[in-house]
Amino acid sequence: MAAAAKDLKTPLLLASDDRRRLSQPPSDADHQLHVPQLILNVNEQLGPPPSSNQEASTNQYSISIDTQLDFDENPYGFIGSNGFEVPGSTTVDPFRNHTPTIEGVYEWLKVLVCVPIALVRLVLFGLCLSIGYFATKFALHGWKDKHNPMPRWRCRVMWITRLCTRGILFAFGYHWIKRKGKPAPREIAPILVSNHVSYIDPIFFFYELFPTIVASESHDSMPFVGTIIRAMQVIYVNRFSHQSRKNAVNEIKRKASSNRFPRLLLFPEGTTTNGRLLISFQHGAFIPGYPIQPVVVRYPHVHFDQSWGHIALATLMFRMFTQFHNFMEVEYLPVVSPSEHHKESAARFAEKTGRAMARSLNVVQTSHSYVDYMLLSKAADSGQENPSHFMVEMANIQQSFHLSSSEALDFLDRFLSMNPDPSGKVKIQDFLRAFRLKACGLSEKIFEFIDVDKNRKITFKEFLVGSVHILKQPLFRQACEAAFTETDMDQDHYISEQELGASLLPAIGSLSTDEIRSLFNLFDGDGDGRISKGDFIICLRRNPLLIGLFSPHFMHKDLDLNAAAGFLEETV
């Protein structure tokens, strides 16, 4: 790296196919295709002339950027972007409950007839829950060594709770449950994975197998439920914490490796669906590399969809109590083992298991994930008419851009502030208003850049993929730092309103005082009346499309070599 930095004949290259052509002048064909030509030449020269408050520096290196960019077509060519493609989407909603309300004369009559039965069922439910709760409290009383398996006498007490859960299933209308196949011995398959359709799933498996489960940390504080799952020696995980997920995988490995512990049960989808398809699998169950037995759960129905999709829990429970009978089928599939010939990745192992489950269910597996459900819920909470328009099949995007769930939700917040129409699309006027931009040539080109379909409207998926595409460009961070340096004209490490307005003048023309102040407040995150470098970069990371406003500053300007060296170290 040091040798490369001192070789003044070696240009600093972008990570693209343009590397082979950086030292060549652009051809006419290049101009016709609007491909940006960016040449970075390292020159050894004296430092800038000394000012009254600054001594002259000697033997400094600088990067002279010669740009020939067609900003009319691509406002982000200066950071190496040649545009992006938006992955195709399916039209299905995996979280939609198809009978969210009582419809039809038959259903209303059935509800009226079953109301007295529902009261009896509710009493049975409460009685079984209370007995099971106190039996579990007794089994857990005085048990301190949670690191080792539960003692046998405590497990025998838990049989009371397991029988109570069968009573709870009976109260919900599951008078009999059809089973196909059998659980494999724990020695053969220490881990089971199942699709997740309803809150009934874990209740059934608690009664049937009494396994150790992996659950969200938030479940521990739930009344009754938290106590019962602690008796299952639950493995808690915070899905938004990398360290928590890592610890959970280590705990899965430890418990799966010892036959003294119960078998483990995981729902790799991470949330409930409507059962009409599978969504992408999390890899926690597959990383340890132990044989896995897939299990599929079905809820056949005609009038009442029992899936816990986007429907209130109280509504779903009431509908279950007012059915004559609810059907449930559980099928244990053959054990799936990782390849013996070579070490199989968790992703391939998960894919192989998913195919087996999808074949049994006769469904497809999509790239939706738990984050899509979070996006759906946020859109619904904001009052959107069709919240399903805001799902993006997040598994594909996370795989391509390594985008976190919190970042995706932040981008949705900004998109929702643009007032999407009932079809989930945003017009250019609302886009510019949200970013506090005036209508001009450059701002329109920014909109057109992410308007992949060229219909003068953008979807959330276009906005998300376009924003993340810019954010993940290798030169994005360096461009942010250089833009701050150019805008900080008096070099006091802060940007004033006047400096911001003057800096944006070449890009979007003259701005009124109110327009400058509106943009200034967007960048001034802490509201202290000045924009620090931290404020500036945080704003651009939250709104990466705004880096296009500073594109004129990257024509014939010098950047610091250390920043470029850091970029090279990251990309080599």
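**Sheet, cores and salt bridges in the predicted model**

Strand β3 and strand β9 (residues 329-332) are paired in the parallel sense over three bridges. Within this pairing, Lys-178 has Glu-329 of β9 as its bridge partner. The structure described here is a predicted model. Both strands belong to an open sheet of seven strands with mixed pairing, ordered β3-β9-β8-β4-β7-β5-β6. The edges of the sheet are formed by β3 (178-180) and β6 (235-237), each of which pairs on one side only. On average, neighbouring strands of the sheet are turned by 25 degrees against each other, direction ignored.

Two helices that lie across strands of this sheet are described next. Helix α5 (residues 200-209) lies across β3, β4 (191-194), β7 (264-266), β8 (292-298) and β9, and runs at about 60 degrees to β9. Helix α9 (residues 346-361) lies across β4, β8 and β9, with an angle of about 35 degrees to β8.

In soluble globular proteins, nonpolar side chains tend to be buried together. The largest nonpolar core of the model contains 70 residues, of which Phe-431, Phe-460, Phe-463, Ile-547 and Phe-550 touch the most other members. Helix α15 (residues 460-471) gives the most to this core, contributing seven residues. With neighbours within four places in sequence left aside, the contacts of Phe-431 are Met-418, Val-426, Ile-446, Phe-447, Ile-450, Ile-458, Phe-463 and Leu-545. Another core, of 46 residues, lies apart from the largest one and includes Ile-200, Ile-203, Ala-231 and Val-297.

Helix α17 (residues 497-508) has 12 residues and should span 16 Å at 1.5 Å a residue; its end C-alpha atoms are 15 Å apart, which agrees with that expectation. The buried residues of α17 are Glu-499, Leu-500, Gly-501, Ser-503, Leu-504, Ala-507 and Ile-508. These buried residues pack against α14 (441-450), α16 (476-487), β12 (494-495), α18 (513-523) and β13 (531-532). Just after α17, Gly-509 adopts a positive phi of about 80 degrees.

Side chains of opposite charge can pair when their charged atoms come close. The count of salt bridges comes to 18. One of them joins Arg-319 to Glu-107, with the closest N and O atoms 3.0 Å apart. This pair links distant parts of the chain, as Arg-319 lies in helix α8 (residues 313-321) and Glu-107 in helix α3 (residues 105-140), 212 residues apart. Arg-319 and Glu-107 are both buried.

An α-helix has 3.6 residues a turn, so residues three or four places apart point the same way. Glu-251 counts as partly exposed because its relative accessibility is 21%, whereas Lys-255, at 4%, counts as buried.

Arg-456 forms a salt bridge with Glu-448, the closest N and O atoms being 3.7 Å apart. Both residues fall between the cut-offs of 20% and 50% relative accessible area: Arg-456 is partly exposed at 43%, and Glu-448 is partly exposed at 23%. Elsewhere, salt bridges that share partners join Lys-180, Arg-298, Glu-329 and Glu-331 into one network.

How values were computed: Residues numbered from 1 in each chain as written. Heavy atoms only, no water. Helix = DSSP H or I, 4+ residues; strand = E, 2+ residues; numbered from the N terminus. Expected span 1.5 Å × (residues − 1). Buried < 20%, exposed > 50% of the residue type's maximum accessible area, 1.4 Å probe, protein only. Contact = heavy atoms within 4.5 Å. Salt bridge = Lys/Arg side-chain N within 4 Å of Asp/Glu carboxyl O. Pairing = 2+ DSSP bridges. Axes fitted to C-alpha atoms, helices over the stretch in contact; angles between N-to-C directions. Core = buried A, V, L, I, M, F, W, Y, C linked by side-chain atoms within 4.5 Å.
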